[in-house]
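Please open the model in a viewer and keep the sequence panel beside it.

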Amino acid sequence: MSRNGLVTASAAIVLALSAVDRAPAQDAVKIGLILPMTGQQASTGRQIDAAVRLYVQQNGANVAGKKVEVILKDDGAVPDNTKRLAQELIVNDKVAFIAGFGVTPAALAAAPLATQAKVPEVIMAAGTSIITERSPYIVRTSFTLPQSSVIIADWAVKNGIRKVVSIVSDYAPGIDSETSFKERFTAAGGQLVEAIRVPFQNPDFAPFLQRARDAQPDAIFVFVPSGQGGAFVKQFAERGLDKAGIKLIGPGDVTDDDLLNGMGDAVIGAVTAHLYSAAHPSDINKAFVAAFKKANAGMRPNFMAVGGYDGMHLIYAALKKTNGATEGDALVGAMKGMAWESPRGPISIDPETRDIVQNIYVRKVEKVGNELYNVEFATFEAVKDPAKAAKK
Amino acid sequence: MTLAAQVARQLAARARWRPLEIVFWLAALASIFLLPSRHLILTEIAILGLFALSLDLILGYAGILSLGHAAFFGLGAYAAGLLAKYGLVGEPVLALFAAGLGAAALGFVTSFLLLRGSDLTRLMVTLGIALILREIANRYDWLTGGADGLQGIVIGPVLGAFAFDIAGHVAYVYSLSVLFLAFLAARRLMNSPFGLSLRAIKGNSLRASAIGIGVDARLVAIYTIAAGYAGIAGALLTQTTQFASLDVFSFERSADVLLVLILGGTGYLYGGLIGAVVFKLVQDALIDVTAQYWQFWIGLVLVLIVLGGERVKRLAAAAGGRIARLVGRRPKLDAKAP
């Protein structure tokens, strides 16, 4: 194409765009689902997208006389993209909900829009405590990191672990989990010898693991975001930390069900506290896991999937309660205090903080048949976000 | 007629507005009124276009290849964000200038690193500078928010009168105006004797210095100006999204803008703008179709566009010629064979 041709062509494209202007349909309820479908956090997006589709397939696309339409957008976990996509979904597609949000920065970037447009923002993945405080329209169905970090600290102290090195990803959730673990663990007499932070993007764990090993702790407390656990455990074994008798503990993100099977035997015995295990022994969960695997070529659902599944349930239930009305205040009001039985166990939305209240399970990685699973052996019931409780 | 008068006349002829240029800007103006629901993506296109224009100044005119142009974009973005967050400069246009000046200062300082060495060295140096800045922004998280991004930016109304709205109308008119003014300035500059001397340097810098053009001073000048432009583009992004994250420094951003510029064509100022329009619209359409695999398709589409048109014809012609030659040769070989 010649240069002049290009100029004319692009002018024509701009004008032609007016023809494809989208008109909002009246009796559809649109849900804008913003997830990282590409890039490092793509596994989070894949899991949630699959769970959302499964929920719609199981429960039908009609709620309270309206047709639910999910619009999926990929933000690649880049918050600038998240913000623009959320804005477009709200302004152009007139969505009644924005949902998803693979990482904390993405959830925070969209928060001012939720407030400004009075559109409920359902957090299905991101786990930093402060997120729900950034907008009165944010409701969370995933988890907060302090929930599990505090529980694993209690467990560690009770089981004779005295000296710990922590390794966390250097961004808000990592710092959240480090802080809450440290507070609880040292208050109970434990000793945090070293607190190591590794880069959030493209991390190489080897040098940090070596440093941790040199400190000769009883255990390493680790938080890495969903999707990075495989690389961490591999290098953990390569550096021989498992053979040196150093235990692996932490929130369950590191022994993510999605990747667990590929981690190898080095991960057996890792003890984590978390909200969900695919091995959770309830009938609802067995049905959920079976349906999820069937619809996704055998992929095992992880805690992200369950966050997405429950997020959709919350949206459906809120719509039923408002009889299909889509005013943001009414929807958020309907969501507050809602309680139901999820594949992960009984959960509810705290009416004060709009954050999730759920059981936290202590689990150990074991071989069940030929597969690795997080097998739950202790339950802490109805855990609220400890970071918010501490502020009161 | 003297040589000076001849050159002046040629320059004046080059600077004349062509009908297609006028059509282009009228279309841009029309988009404000005809496409109110697409203003968000159009804002992004305008910002990307300005960023690509800035790269065109150094690549298309002075022949400086850069893989780290996001360094200046990012500096402008964070500068605008910090100025607004800490209430130092509340008015966006002033903040835009301040951010542009900051980026230009960085461009000036780092331009001296580019005076030595070939294209390959320049690629590495520019890439390195962007990586260093990204890491600085990551490290000093008390100031920049680190990997969580710069939160809590509130941008005041433009010129004290036009507040940014959620539908992005003000943001688009503002970005398009900035783009247009920046474009006018660049157009004037590139059609001046200075612009002409840059082309001479790009053509052959040794010969350019032999005829008395101060090569180094001109490269420093254009690199500084281009850095300022990139800084303004970055500041626009922060102001229109009220947010800045480490991604503004990312390698992908530098690579994308190079891609955009090559897509539209280098060395005629419109290349970056057209590339931005095509790139963003194709990307947006593909994400709508397949949120998971759009990167594959955009790669394919871009390869086809860049290879497309003339080149495909040339390749076909060359291949055809070769086949014809092979076919033509065969009887000769047969004849030689005993």
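Is Arg38(B) buried or exposed? With a relative accessible area of 9%, Arg38(B) is buried; the term buried stands for under 20% relative accessible area, exposed for over 50%, and partly exposed for the range in between, with a 1.4 Å probe and protein chains only.

Before the next selection, note that this is a predicted model, in which local features need pLDDT of at least 70, side-chain atom pairs count only at pLDDT 80 or more, and totals for chains, interfaces and linings use all residues. Residues are numbered from 1 along each chain as its sequence is written, chains are lettered from A and ligands numbered from 1 in the order in which they are written, and side-chain values use heavy atoms, with hydrogens and water left out.

**Salt bridges**

Select Asp284(B) together with Arg38(B): the two form a salt bridge, with the closest N and O atoms 3.2 Å apart. A salt bridge here is a side-chain nitrogen of Lys or Arg within 4 Å of a carboxyl oxygen of Asp or Glu. Arg38(B) sits in the loop between α2 and α3 (39-61) of chain B, while Asp284(B) belongs to helix α13 (residues 270-289) of chain B, 246 residues apart. Helices (H or I, at least four residues) and strands (E, at least two) are DSSP runs, numbered from the N terminus. Asp284(B) is buried, at 8% relative accessibility.

In chain A, select Arg344(A) and Asp310(A), a salt bridge with its closest N and O atoms 2.7 Å apart. Arg344(A) is in the loop between β12 (339-342) and β13 (345-349), and Asp310(A) is in helix α11 (residues 303-321). Arg344(A) is buried at 1% relative accessibility, and Asp310(A) is buried at 1% as well.

**The sheet of chain A**

Next, display the open sheet of chain A, in which six strands follow the order β2-β3-β1-β4-β5-β6 with mixed pairing. Two strands pair if DSSP finds at least two bridges between them. At the edges are β2 (62-63) and β6 (138-140), each pairing on one side only. Strands β1 (residues 28-35) and β3 (residues 66-74) of chain A are parallel and share eight bridges; Ala28(A) has Lys67(A) as its bridge partner in β3(A).

**A hairpin**

Move to β14 (residues 356-368) and β15 (residues 371-383) of chain A, which run antiparallel and are joined by 10 bridges. The two strands form a hairpin with two residues between them, and Gly369(A) in the turn has a positive phi of about 65°. Within the pair, Tyr361(A) stands opposite Thr379(A) in β15(A).

**A surface patch**

Finally, return to chain B and select Trp17(B), Ile22(B), Leu26(B), Leu29(B), Phe33(B), Leu34(B), Phe180(B), Leu181(B) and Leu184(B), which form a nonpolar patch on the surface with about 860 Å² of accessible area together. Patches are made of residues with over 30% relative accessible area and no salt bridge; like charges are joined within 9 Å, nonpolar side chains (Val, Leu, Ile, Met, Phe, Trp, Tyr) within 5 Å. Accessible areas come from the Shrake-Rupley method with a 1.4 Å probe, and for residues only the protein chains shown count as cover. Helices α2 (19-34) and α8 (169-190) of chain B each give two or more residues to the patch, and α2(B) gives the most, with five. Leu184(B), found in helix α8 of chain B, counts as partly exposed at 31% relative accessibility.
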